[in-house]
Amino acid sequence: MPEPEKATSRIAMNSRLIAVITAVFFLIINLKIEILTQNGLLALQLVLAIPFLFTSTLAYSKLGYRKETKRWNTLGWITFIIGYAFMLNTIGVLVGRYVDVLFGVLFFLANWILTIIYSLIDISYEKSVIKERLVKDSFFILIQIFFGLFILLGVF
């Protein structure tokens, strides 16, 4: 069944996130382009966050009027999680490199703790979402560990 309210709220959120990551991209290009040339994985995440969030927006737009929404919803949340994690990874690594490594680590920890709190509240209202929350949160946190925290700490 169409879910116009869900579509509208997800599109609005994604649009704001696209604006944020686009602003970060142009700010870096104008202030210190070396940031992008020094770390390929950071640059890749910054650049890919935009199309992932845009694709999520397009997928969520289908929820507003399509009868069959399951695959669109799945595409929307997968591309959202990747784009959102890439955006936050970029910010966390920049904070860690140009402010303080401890602040970057705390940025990532705060994201994970708040994600878990969000999921616990969601689960407290509807027990059936445990598996969904576990999959989504694990996916998000693993992307942040491997492509955010590890970059910040110089693991790769």
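**Pocket, nonpolar patch and salt bridges**

Twenty residues line the largest pocket, and those nearest its centre are Phe80, Ile81, Tyr118, Arg133 and Asp137. The model is a predicted one, in which local features need pLDDT of at least 70 and side-chain atom pairs count only at pLDDT 80 or more, while totals for chains, interfaces and linings use all residues. Residues are numbered from 1 along each chain as its sequence is written, and side-chain values use heavy atoms, with hydrogens and water left out.

**The largest pocket**

- The space in the largest pocket comes to about 550 Å³, where a pocket is an open set of points on a 1 Å grid over the protein atoms alone, reached by a 1.4 Å probe, with protein on both sides within 12 Å along at least five of seven lines, and lining residues have an atom within 4 Å of a point.
- At least two lining residues come from each of α1 (4–31), α4 (70–98), α5 (101–125) and α6 (130–152), helices being DSSP runs (H or I, at least four residues) numbered from the N terminus.
- By residue class, the lining holds 10 nonpolar, 3 polar and 7 charged residues; Ala, Val, Leu, Ile, Met, Phe, Trp, Tyr, Cys and Pro count as nonpolar, Asp, Glu, Lys and Arg as charged, and the others, Gly among them, as polar.

**Salt bridges**

- The structure holds 2 salt bridges, each defined by a side-chain nitrogen of Lys or Arg within 4 Å of a carboxyl oxygen of Asp or Glu.
- Arg133 and Asp137, both among the residues nearest the pocket centre, form a salt bridge whose closest N and O atoms are 2.8 Å apart, and they stand about one helical turn from each other because they are 4 residues apart in helix α6.
- Arg133 is buried at 11% relative accessible area, and Asp137 is buried at 9%, where buried means under 20%, exposed over 50% and partly exposed in between (1.4 Å probe, protein chains only).
- Lys136 pairs with Glu132 at 2.7 Å between the closest N and O atoms; Lys136 is buried at 13%, whereas Glu132 is partly exposed at 38%.

**The nonpolar surface patch**

- A nonpolar patch of about 1100 Å² includes Tyr98, Phe103, Leu114, Ile117 and Tyr125, and its residues have over 30% relative accessible area and no salt bridge, with nonpolar side chains (Val, Leu, Ile, Met, Phe, Trp, Tyr) joined within 5 Å.
- Helix α5 gives the most to this patch, with 9 residues.
- Within α5, Leu114 is exposed at 55% relative accessibility, and Ile117 is partly exposed at 42%.

Key:
Points joined across faces, edges and corners; volume = space filled by probe spheres on them. Patch = residues over 30% accessible without salt bridge, like charges linked within 9 Å, V, L, I, M, F, W, Y side chains within 5 Å. Areas by Shrake-Rupley, 256 points an atom, 1.4 Å probe, with all protein chains shown as cover.
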